[in-house]
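Here's a short tour of the model you have open.

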Amino acid sequence: MKAFFTLVFIFLTSTTFASEQAEEIFAQLTPSLYQIKLIDKASGEKSSIGSGFQISKDGIIATNYHVISSYARHPEKYRIEYLDHRGKMAEVALVSVDVINDLALVKRRVEGEMPYFQLSDQKPIKGEKLFALGNPHDLGMIVVPGTYNGLKKESFNERIHFTGSINSGMSGGPVVNKSEKVVGINVATSGNQIGFLVPHDKLVTLFNNYNKTAPANIKQQMAEQLLANQNKLMKALLNNTWQSKELAGKAMIPIIEVPFIRCWGDSNADKTDALILAAIANCSLDENTYLSSHFFTGSVEIEFRYMQAKNLSDNKFYHLYQQQIARAGAGNRAGKNDVSEYQCHHDLVAPSSTANTNKAINNKSIFCTRAYKDFSGLFDVLYLGASVDKNQQALVSHFTIAGVSQENAMAFTGKFMEAVSWK
Amino acid sequence: MEVEMEITQRTEDCTSEIESTKAVDNDDLSLEQGEIIIEEISRNHKLLHRHKLKQNEISIGRNYQNDIILTDPHICPKHLSLKHSQGIWHLSDNNSVNGTLLENNLHKRQNAHQQVINDGDVITLGKSQLRVLFNDHQVSDTIAFSPFESLIDLIRHPIAVFISVTLFMLIAGNIAYLNQQVETNISQLFVSAFSMSLLFSLWPAGVALVSHLTKNEPRILAQFGISFVFFILMWFSDLLEEIVAFNSASSSVLGLLIALLPIMLAVSLFWLNSYIGFHMSAKRRIIVALSITALLFGGTYLLQYSKKREFNPHPNYNATIMAPVFLIAPSNSVDHFIKQSNDLFEQASKAALDED
């Protein structure tokens, strides 16, 4: 079904073996590789760890946003520290983030010139041998060899597909080519030797922007990035073709033809004792933006459900149908400190269909939204349309979008409502 | 044992006192024959017994020589006597252990010894109370049968009760049928309908029991008939509420109004329950009906409120949908819906700021 990716986190399993040869090659890079720790101020203990690597002589260290996300959200509660190859620890400052590409820059104090990682100026070629580095334990740097497999297909925000076992705790570590130049940053794994990297050009952009003007406020920087990213995503969704497609031969539903929205189907045709025959089409964006361990955004889910009564009275069919639509939930995780509660509105709506003008549908439509507390102007929205014009058939059209502006949300809702009809 | 001893001793005391007072009593005999009504009443002034006596001297106490014999152990064997002379009744306490109090509209509880008795006075002796009335006491006006009476007569008819219980079971069975996710058979539905009606029978049965215990007529069939008629009406009000919710948008005023319907029905049911089961003043009956309703709905609200989580990550919307036959209202356009939904963003932003 859905492919889920686990972010490479923190917790320590040590099954990695570094080839001796590789270790020799990269021995000289060790001083520029760090373990990044988030220390809870009150308890004085670390609350999460990851890796980081120095990219400038004046002490800029690149890591993953998700490694330091708790600090970015609650700077008063934590401090960030590095641990170098000689076991030296010191505090660093968060200077810039790219929340969309899961990158962050922190700065350490330096005395004199220091060695640092060179960022590559070209993309690797498919099949090229790469080395993922990390410093998850107090043992020092580990090296994992692997292969570059191009960019991940169907992704909205680019990720490199890396065949090699990226380990927990290696998040934020660099991936270098044979000439010791950084081509990516460890970010996630989906198990079985499949790893994902942030392409190095994202880091280059972030670093260059930082050198031009350092952001004054991290929270505001994040808000701007989220707003810009949803604009890009919604523009792609609204401007691409909405292919009208049949569902169970009875309904017309829109399929948005963009590669990063993937669709799956299911039905209960095999269950002979079911009272209602149901066919479901489910399309979603397979990626989302990590803001904190309890707060994700940027997800898009679209679902269509066609239902047909089998030997049921109309009333009973509608009664069961109501139970089906009564508990739609948010598409993303968010807590009390992140968002407001949902505000909802419902009405009877008969859209003038763009797909099939003479077989319009009559819906009970429900729209709900909740606002982000730290990123004003962003909302999670939910729409649910339930057809109420056929005695024995029903069509549910539903979507959720997380982290979207009001304008984009309403443009999408309007287009979506008019794209659904009976066949 | 000790207590008994004490009582015996007190009894002796009383008796000795009586001997002395009797001599005084004999002095003034009146020619006119007195007539008096003495009611034994309970603490909340419910009538227990009524005595109508035509004599000039009445003795009240615990022993069997008295004209009115009371069983209260706190009363002396010869507790008090009432005497009639020249159209006036006097009370004399025979030096009883616990005394005698007189209460009327003018005076709150005073010592009754040697007091003049007026119409309507309440004498407290021991833990018992007696109300004294004269034959010219004003009785309240006759209450005409209210129109409810004929309605209740109709509803409490065994056939009517049977019909309403059956109808209730049909409805309960139908609800059970609608809620079943899998195929069901008749016997399952019957069992659930039967147990549902048994459960709902507890209310009229309870009311009848209470009215029986408070010395009122239980009128069990009337209670059953009325209660089940109202249970059915409440189901109809639910249905009506559902139809309104289905046909209207979330900002509808009608939806709010219709929510009052079950409350009104509940008040009416409780009012009728108390009308059938208990004798009380019209004002009191309204207060009782209103307070039970407040208790029921307020309690339900409190229960829901206490269960409410601090933050609800799920949307809370009204998803009422019904078969197309119930669809009466015209549908709106997408533009109108979008316009209405736009207001939500402002509300949500405000909520986000408020909660901070």
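This is a predicted model: local features need pLDDT of at least 70, side-chain atom pairs count only at pLDDT 80 or more; totals for chains, interfaces and linings use all residues.

In chain B, the axes of helix H3 (residues 158-179) and helix H4 (residues 186-213) come within 8 Å and cross at roughly 125 degrees. Axes here are lines fitted to C-alpha atoms, for helices over the stretch in contact, with angles from 0 to 180 degrees between N-to-C directions. Helices (H or I, at least four residues) and strands (E, at least two) are DSSP runs, numbered from the N terminus. That angle is why H3(B) counts as oblique to H4(B): under 35 degrees is roughly parallel, over 145 roughly antiparallel, 65 to 115 roughly perpendicular, and the rest oblique.

Who meets whom? On the H3(B) side, the residues include Phe168(B), Met169(B) and Tyr177(B), and on the H4(B) side they include Leu189(B), Phe190(B) and Met196(B). Being in contact means that C-beta atoms, placed from the backbone, lie within 7 Å. The residues of this helix contact split into eleven nonpolar, three polar and no charged. For these classes, Ala, Val, Leu, Ile, Met, Phe, Trp, Tyr, Cys and Pro are nonpolar, Asp, Glu, Lys and Arg are charged, and the others, Gly among them, are polar.

## Where the chains touch

Chain A has an open sheet of three strands in the order S15-S16-S26, with antiparallel pairing. S15 (242-247) and S26 (421-422) of chain A are at the edges with a single partner strand each, so one side of each has no neighbour in the sheet. Strands pair if DSSP finds at least two bridges between them; S15(A) and S16(A) (residues 251-256) are joined by six. Lys245(A) sits opposite Ile253(A) in S16(A).

Residues are numbered from 1 along each chain as its sequence is written, while chains are lettered from A and ligands numbered from 1 in the order in which they are written.

pLDDT is the predictor's confidence in each residue, from 0 to 100. Chain A has a mean of 87, with 91% of its residues at 70 or more. Over residues 1-19 of chain A, pLDDT stays under 50.

Conventions:
Two residues are in contact if their C-beta atoms, placed from the backbone, lie within 7 Å.
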